[in-house]
Structures are given as structure tokens and as C-alpha cells.
Amino acid sequence: MSVNVVSAISVQYSLDVIKEEARRLVHKGVVSRQQPIYTLCQYIPAREWAWVECELEKCNYLLRDRIADLMGREEWQND
């Protein structure tokens, strides 16, 4: 008798990855800089959202903070 073991791959999101995803979504016009960070949960798989929440909490971000707070300072190429 053989037993198949399925290993679950869990992705841990670093703060840099979360910020980059937020920038990408804002740049595409999918979300606004003024929306709360928890809006991003619609665009990150539900099974991975817990990792995102933990990383944000560890870095002192609240889910009600604005996406702009998460993105920080942006450099503009053409003003």
C-alpha cells in the first residue's frame, strides 16, 4: 500500500512584495491610493491573505490604513 503525501506550498509575502503588488494595482487603475489596505485582499488569494496580514501587522500597518501609506514615496519620471 502506498501513501501519497501532498505538501502544501505556502507563500510568505515580504513587505516589499506587498508594496510592489499595491503599486502595480494602483498603476493599473484597479485600486485607488485612498482605499484602505484591506482592499488588496480581493487581489491576493484567500489562502495567502493570512501571511499578508501577519507581515503588515509585524511592520505596524493597520488594514484600515490607506494604500498610499503602504506605498510610501513614489518617484515620477515625467512631471
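Predicted model: local features only at pLDDT ≥ 70, side-chain atom pairs only at ≥ 80, totals over all residues.
The protein chain averages a pLDDT of 84, and 76% of its residues score at least 70.

**Stop 1: the confidence colours**

Select residues 1-10 to begin. Over this stretch pLDDT stays under 50, and the model has 1 contact beyond four places in sequence for it. Turn next to the helices. Confidence is highest in α1, at a mean of 94, and lowest in α2, at 92.

**Stop 2: the whole chain**

Switch to a cartoon view. How many helices and strands does the protein chain have? There are 3 helices and 0 strands. Read from the N terminus, the order of elements is α-α-α.

Now display the surface. The protein chain exposes about 6,200 Å², of which carbon and sulfur atoms supply 49%. Of the 79 residues in the chain, 30% are buried. Among contacts with a separation of 6 or more, 72% are between residues 24 or more positions apart.

**Stop 3**

In soluble globular proteins, nonpolar side chains tend to be buried together. To look at this model's own case, select Leu40, Val52, Leu56, Ile67 and Leu70, and show their side chains. These residues have the most contacts inside the largest nonpolar core, which has 17 residues. The largest share, 5 residues, comes from α1.

Keep leucine 40 selected and display its surroundings. Leaving aside neighbours within four places in sequence, leucine 40 is in contact with Ala22, Leu25, Trp49, Ile67 and Leu70.

**Stop 3: valine 30**

Move to valine 30, in the loop between α1 and α2. Apart from neighbours within four places in sequence, valine 30 is in contact with Leu25 and Tyr43. Leu25 is also one of the contacts of leucine 40. Use the distance tool on the C-alpha atoms of valine 30 and leucine 40: these residues are 10 apart in sequence and 9.9 Å apart in space.

**Stop 4: the salt bridges**

Side chains of opposite charge can pair when their charged atoms come close. The model has 3 salt bridges, and each can be visited in turn.

Begin in α1 with arginine 23 and glutamate 20. Their side chains meet in a salt bridge, at 3.8 Å from N to O. Why are these two residues about one helical turn apart? The reason is that they lie 3 residues apart in helix α1. Arginine 23 is partly exposed, with a relative accessible area of 28%, and glutamate 20 is also partly exposed, at 48%.

Next, select arginine 24 and glutamate 21. The side chains of this pair form a salt bridge at 2.6 Å, N to O. Arginine 24 and glutamate 21 are 3 residues apart in helix α1, so about one helical turn separates them. Arginine 24 counts as partly exposed, at 36% relative accessibility.

Then go to α2 and select lysine 58 and glutamate 55. The closest N and O atoms of this salt bridge are 3.1 Å apart. Lysine 58 and glutamate 55 are about one helical turn apart because 3 residues separate them in helix α2. Lysine 58 is exposed, at 61% relative accessibility, whereas glutamate 55 is buried, with a relative accessible area of 14%.

**Stop 5**

Asparagine 60 is exposed, with a relative accessible area of 69%.

Leucine 62 is in the loop between α2 and α3 as well. At 40% relative accessibility, leucine 62 counts as partly exposed.

Definitions and conventions:
Residues numbered from 1 in each chain as written. Heavy atoms only, no water. Helix = DSSP H or I, 4+ residues; strand = E, 2+ residues; numbered from the N terminus. Buried < 20%, exposed > 50% of the residue type's maximum accessible area, 1.4 Å probe, protein only. Contact = heavy atoms within 4.5 Å. Areas by Shrake-Rupley, 256 points an atom, 1.4 Å probe, with all protein chains shown as cover. Core = buried A, V, L, I, M, F, W, Y, C linked by side-chain atoms within 4.5 Å. pLDDT = per-residue confidence, 0-100. Salt bridge = Lys/Arg side-chain N within 4 Å of Asp/Glu carboxyl O.
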